[in-house]
Amino acid sequence: MTSTEEHQSVVGPHRYRHAEKMIRTANPVWQAAADHGLTGIRVDTPSGDSNNRLVDRATGHEFVNMCSCAYLGLNHHPAVIEGAVSALREAGTTWLVTSTTRIRHQLLARLEEELGELFGAQILPGTTCSALTAGILPLIASGHLAPGGPRVMVFDRHCHFCMSYVKPICAEESLVLTCDHNDLNYLEDVCGGTPAWPTSPTARIRWAAPLPSTVCWNSRTGTVCSSSSTTRTRCRWSASGVRASYDPDWP
């Protein structure tokens with residue numbers, strides 16, 4: 001066996017992930033960002049406002065973080081900060097260093113209960129959208145979190161990386177398809193007779209995703225739609241399928 005044949009025998013099929021292509025495509029962009037001082041910035045927050053006044057420790061340059069995901073500014077709200085400090089003092093620990101499935105602090109259970117009452121829903125807090133997506137989407141694919149059995153998983157080709165990352169895992173459980181960006185015609189064709197779980201692009205970046213940002217259920221087609229984040233996106237069902245639009249006045 002030649003070295004080329006040996007290499008080909010161990011290379012994966014690259015159906016849902018291609019690290020070499022990803023690195024080749026992304027590296028120039030990341031390098032350009034690094035060359036212009038847009039990565040690895042170490043900052044101080046002297047005013048306590050971690051969104052609107054960050055100070056580059058190396059240069060003293062002050063700037064506003066325009067890519068923050070803290071839409072409501074709760075990450076630096078005085079009441080939230082004081083609540084976090086009080087909770088740490090009450091618990092006497094940062095965490096219990098074990099899976100919360102086994103043991104969880106009563107403060108976390110209280111958080112879930114109070115948020116559930118506030119939003120009228122069952123709350124599942126997570127450290128990142130990536131962690132929650134990695135746990136939830138494969139179970140949706142296998143049919144264990146929605147009625148109707150395994151779902152066809154339709155990923156927008158520009159979906160958030162946390163969704164794209166678990167495509168190979170979902171493909172072990174069900175059929176995985178990739179549609180062009182915001183291609184609702186393709187999605188409607190798939191959903192016409194097949195239970196599916198479309199995953200939309202990250203609405204928080206594009207602000208115009210025509211798929212719902214929250215998980216929605218269409219009883220006509222047995223379709224569930226999901227996104228990596230929640231914004232004020234109004235979801236509407238029609239005879240032709242899913243429609244959604246950004247509505248700044250919708251709670």
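Close-up 1. Strand β4 covers residues 152-156, and because five of its five residues are buried, it is largely enclosed by the rest of the structure. Helices (H or I, at least four residues) and strands (E, at least two) are DSSP runs, numbered from the N terminus. β4 pairs with strand β5 (residues 176-179) in the parallel sense over four bridges; two strands pair if DSSP finds at least two bridges between them. Leucine 177 in β5 is the residue opposite valine 154.

The model is predicted: local features need pLDDT of at least 70, side-chain atom pairs count only at pLDDT 80 or more, and totals for chains, interfaces and linings use all residues. Residues are numbered from 1 along each chain as its sequence is written, and side-chain values use heavy atoms, with hydrogens and water left out.

**Close-up 2. The open sheet β1-β2-β3.** Three strands form an open sheet in the order β1-β2-β3, with antiparallel pairing. β1 (43-44) and β3 are the edge strands, each pairing on one side only. Two bridges join β3 to strand β2 (residues 54-56) in the antiparallel sense, and leucine 54 has phenylalanine 63 in β3 as its bridge partner.

Close-up 3. The whole structure contains four salt bridges, each defined as a side-chain nitrogen of Lys or Arg within 4 Å of a carboxyl oxygen of Asp or Glu. One of them links aspartate 44 to arginine 57, with the closest N and O atoms 2.6 Å apart. Aspartate 44 is in strand β1 and arginine 57 in the loop between β2 and β3, so this pair ties together parts 13 residues apart in sequence. Aspartate 44 is partly exposed at 29% relative accessibility, whereas arginine 57 is exposed at 60%. Arginine 53 forms a salt bridge with glutamate 62, where the closest N and O atoms are 3.0 Å apart. Arginine 53 is partly exposed at 32%, and glutamate 62 is partly exposed at 42%.

Close-up 4. The side chains of arginine 110 and glutamate 114 meet in a salt bridge of 3.0 Å, N to O. Both residues lie in helix α4 (residues 106-119), four residues apart, about one turn of the helix. An α-helix has 3.6 residues a turn, so residues three or four places apart point the same way. Glutamate 114 is partly exposed, with a relative accessible area of 43%, and arginine 110 is partly exposed, with 44%.

**Close-up 5. The two sides of helix α8.** Leu184, Leu187, Val190 and Cys191 are buried in helix α8 (residues 184-191). Down the axis of α8, the buried residues fall within an arc of 120°, so they line one face of the helix; the arc is that of the directions from the helix axis to the C-beta atoms. The face turned away from this buried side carries the exposed residues Asn185 and Asp189.

**Close-up 6. Cysteine 129 and cysteine 162.** These cysteines are 33 residues apart in sequence and 7.1 Å apart in space, C-alpha to C-alpha. Cysteine 129 lies in helix α5 (residues 129-141) and is partly exposed, with a relative accessible area of 23%.

Technical notes:
Buried < 20%, exposed > 50% of the residue type's maximum accessible area, 1.4 Å probe, protein only.
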